[in-house]
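Here's a quick walk through this protein, with an eye on its charged side chains. Have the structure open beside you as you read.

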Amino acid sequence: METIVCPKCQDSKIVKSGVINQKQRYLCKNCNYFFTVNKIGKKIDDYYVTKALQLYLEGLSYREIERIIGVSHVSISNWIKSFNIKKPVNTNYHPTYKILNHLELIEYIKNKETISGAGMIITELGDKFMLIKWERFKK
């Protein structure tokens, strides 16, 4: 049998507290929160949430992140609001990104001209790799 926990505080000190619309109502003894049943909805893996937040901080737009990780730009916006993340203001550099498989990444890194003159980070993205490179705006 599945243990019922409070959706607000995650505590398991739960007691029955009546029936509403043919659903059992519960009361959390820890935070005095009333609830009926656990919501069963889509839960996006924390891995993708973390990746979306990282990409946002790297300067990518909501729509670019949506295309890369396959999650709605509205969800990404909601995560950024819920974690209260502010994008750093830096107008001297702009990010460019590439999605590469393992062999393409090795070939890209072998060429010294492609990796010099800019900051770069490589992050895993499923079975591929994302290379984010910051280049200085040309004046």
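## Starting with an exposed lysine

Lys 110 is exposed, with a relative accessible area of 60%. Bear in mind that this is a predicted model, so that value, like the others here, is computed from the predicted atoms.

Which residue does Lys 110 meet in a salt bridge? The partner is Glu 107, and the two side chains sit 3.3 Å apart, N to O. That's inside the 4 Å cut-off for a salt bridge. Both residues belong to helix α4, which covers residues 102-110. They are three residues apart, or about one turn of the helix. If you go looking for others, the count for the structure is one salt bridge.

## A lysine without a salt bridge

Now over to Lys 51, which you'll find in helix α1, residues 46-57. Is Lys 51 buried or exposed? Lys 51 is buried, and yet has no salt bridge. In general, side chains of opposite charge can pair when their charged atoms come close. For Lys 51, the nearest side chain of opposite charge is Glu 124, and that one is 6.6 Å away.

Leaving out residues up to four places away in sequence, Lys 51 touches Thr 123 and Glu 124.

How many bridges join β2 to β3? There are two, and the strands run antiparallel, with β2 covering residues 23-28. To get your bearings here, find Tyr 26: it stands opposite Phe 35 in β3.

## The whole chain

Zooming out, the protein has five helices and six strands. Starting at the N terminus, the elements run β-β-β-α-α-α-β-α-α-β-β.

There are 139 residues in the protein, and 24% of them count as buried. The accessible surface comes to about 10300 Å², with 53% of that belonging to carbon and sulfur atoms. As for contacts with a separation of 6 or more, residues 24 or more positions apart account for 46% of them.

Definitions and conventions: Residues are numbered from 1 along each chain as its sequence is written. This is a predicted model: local features need pLDDT of at least 70, side-chain atom pairs count only at pLDDT 80 or more; totals for chains, interfaces and linings use all residues. Side-chain values use heavy atoms; hydrogens and water are left out. Helices (H or I, at least four residues) and strands (E, at least two) are DSSP runs, numbered from the N terminus. Buried means under 20% relative accessible area, exposed over 50%, partly exposed in between (1.4 Å probe, protein chains only). Lys and Arg count as positive and Asp and Glu as negative; His and the chain ends are not counted. Contact means heavy atoms within 4.5 Å. Two strands pair if DSSP finds at least two bridges between them. Accessible areas come from the Shrake-Rupley method with a 1.4 Å probe; for residues, only the protein chains shown count as cover.
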